[in-house]
Amino acid sequence: MSAPATTPVYPEKIDAAVLKVAGVVVLGAIMSILDITVVNVALRTFQTAFGGEPLAYSTVAWTVTGYTLALATVIPMSGWAADRFGTKRLYMMAILLFTLGSVLCATASSIGMLISFRVLQGLGGGMLMPLGMTIMTRAAGPKRMGRLMAILGIPMLLGPIFGPILGGWLIDHFTWHWIFLINAPIGLVALVYAFFALPKDNPQPSESFDFVGMLMMSPGLALFLYGVSSIPGEGGIGHTKVLLPGLVGLALMVAFVLYSFKPKHPLLDLRLFSNRNLTVSIITMFIFAASFFGGLLLIPQFLQQVQHETPLNAGWLVAPQGVGAMLTMPIAGALADRFPVGRIVPFGLVLIIGGMFTLTQIQADSSHWGFLIPVLFVMGLGMGSTMMPIMTSALKTLTHHDVARGSTLLNITQQIASSVGVATFSVVLTNQINSRPLAAQGGQYLEVAATQGPKAAQAAAAKLPIVGQFFADHGGSPQAAAQALAGQVAKLAADAYAHTFWVAASLVSLSLVAALFLPRRHEESHLLDDADTEGAPPVMVH
């Protein structure tokens, strides 16, 4: 008969051994989180980076959508795979996969290759945070997790601030390839560091993995979003390229929902929706994440396309949003322990809704300091007051047995919502620009003129009848006509962005309606005390 397992004894203070392990996790978090934000300012560059005619925004947005979909795919696999292969081995494999995906992204010669390699990169990045939290929980024990979370929170808070700035600096001073190549030395250091710093662990396979559920959920989401994203290019919904993948994807997702109630250990435990607080929180989170993250991804694009800012300047200009979130996130976390979240979240959402409706008034010559920076800062304050309290509401009334599964459900919801939001708003923006023919054709002409020179621009004008008619109507010097065209295109494009923000503002307003159903009075937590939670699965927002 084997001896009973002994409970590990953890010192009270944060010691060097734990800090050594935390350093590995922070390095992984820096890579994963920076790569979500660093690409945001590069979308405009990707539109013209692969030769030929400029690509549609809805096409290059798949470099973000594909990455977040890959994250969503592997998050529910992480716990099972850690038990099956061991956390150290799997963590190193995730770093290697992420780094390899990054290097391959830099070698991409087409947008299709780049999207494929971004998916590979996301498969590695999606495992880094959940595995890192598991490693830290085992190293530190639950009584020290709060202090270690503060350490891990640094890259989580600073990523949205410095990611766009770093991406813009690399694009301006080198090439877009370096926003991916920079991960190679960081990944190599992290791999060596993890090999020596992480303790060995013995894999103990536990519950079976739901391969059937995964084969329905992941392709279903990808096909559905592909169908939606194909709408602008096909000119409407009633085309095979839109309907076929869209309907097949929708059928797979419906089949996944029906199937998920059958296995003992489903990929996503939809039975948890019987908990009212979790259900309301997830609905609020989905609407909020889709509208907020999808809408704000348009800002760097607007700055570069309409106001002709460099990627670096665009990165600096969106940084105030991250600063605002950094200020309110710790305050909201403290308030969520003292007050019901139903009395906290609506205030944050009101700030975001106000900011989003203000963005509907954006114009080609909108001031940065007088308009854009204050709006983004206020919206950042709102984001910091919203995300963590929603998570807290969802998880605090679950029993300890359900917390890991509830956390997985929330993480998946956030990633899927972000993917849906990016795909939706890229479609809306593309349709808005295409509905203004001078903006669409004039934008193509100006892009060719700026990147390929006067001869290529002259050839492009011959293929763009509206541009040709504009030059015919504006006699005089070609330079004056081109300048007038640039002004008209900027004005029409800004109008397209403003209309897209109306959609975002309307959707984020719906999240306030959902948030009104969050608990408005204290409810007893069902989580067990620390004595019963040694080695408990961590709860983490990715």
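## Exercises on helix packing, burial and aromatic pairs

Val467, Phe470 and Phe471 in helix α22 meet Pro478, Ala481, Ala482, Ala484, Leu485 and Gln488 in helix α23, where contact means heavy atoms within 4.5 Å. These contact residues divide into 8 nonpolar, 1 polar and no charged; Ala, Val, Leu, Ile, Met, Phe, Trp, Tyr, Cys and Pro count as nonpolar, Asp, Glu, Lys and Arg as charged, and the others, Gly among them, as polar. The model is predicted, so that local features need pLDDT of at least 70 and side-chain atom pairs count only at pLDDT 80 or more, while totals for chains, interfaces and linings use all residues. Residues are numbered from 1 along each chain as its sequence is written, and side-chain values use heavy atoms, with hydrogens and water left out.

**Exercise 1.** Classify the packing of α22 against α23 by angle and by handedness.

*Solution.* Helices are DSSP runs (H or I, at least four residues) numbered from the N terminus, and here α22 covers residues 465-473 and α23 residues 478-515. Their packing angle is about 125° and their axes are 9 Å apart. Such axes are lines fitted to C-alpha atoms over the stretch in contact, and angles run from 0 to 180 degrees between N-to-C directions. The angle makes α22 oblique to α23, since under 35 degrees counts as roughly parallel, over 145 as roughly antiparallel, 65 to 115 as roughly perpendicular and the rest as oblique. Finally, α22 passes α23 in a right-handed crossing; a crossing is left-handed if the near helix is turned anticlockwise from the far one by less than a right angle, and right-handed if clockwise.

**Exercise 2.** Repeat the analysis for α20 and α23, and give the classes of the contact residues.

*Solution.* Helix α20 (residues 437-452) packs on α23 at an angle of about 130°, with the axes 9 Å apart. That angle makes α20 oblique to α23, and the crossing is left-handed. On the α20 side the contact includes Leu438, Gly442 and Tyr445, and on the α23 side Leu485, Val489 and Leu492 are among the partners. By class, the contact holds 10 nonpolar, 3 polar and no charged residues.

**Exercise 3.** Describe the ring geometry around Phe288.

*Solution.* Rings of Phe, Tyr and Trp (its six-membered ring) pair if their centres lie within 6.5 Å, with planes under 30 degrees apart counted as stacked, over 60 as edge-to-face and the rest as tilted. By this rule there are 14 aromatic pairs. The rings of Phe288 and Phe292 have centres 5.2 Å apart and planes at 15°, so the pair is stacked. Both residues lie in helix α13 (residues 276-296), 4 residues apart, about one turn of the helix. Phe288 and Phe293 form an edge-to-face pair, 6.2 Å centre to centre with 70° between the planes. Phe288 is buried at 0% relative accessibility, whereas Phe293 is partly exposed at 26%.

Terms used: Helices (H or I, at least four residues) and strands (E, at least two) are DSSP runs, numbered from the N terminus. Buried means under 20% relative accessible area, exposed over 50%, partly exposed in between (1.4 Å probe, protein chains only).
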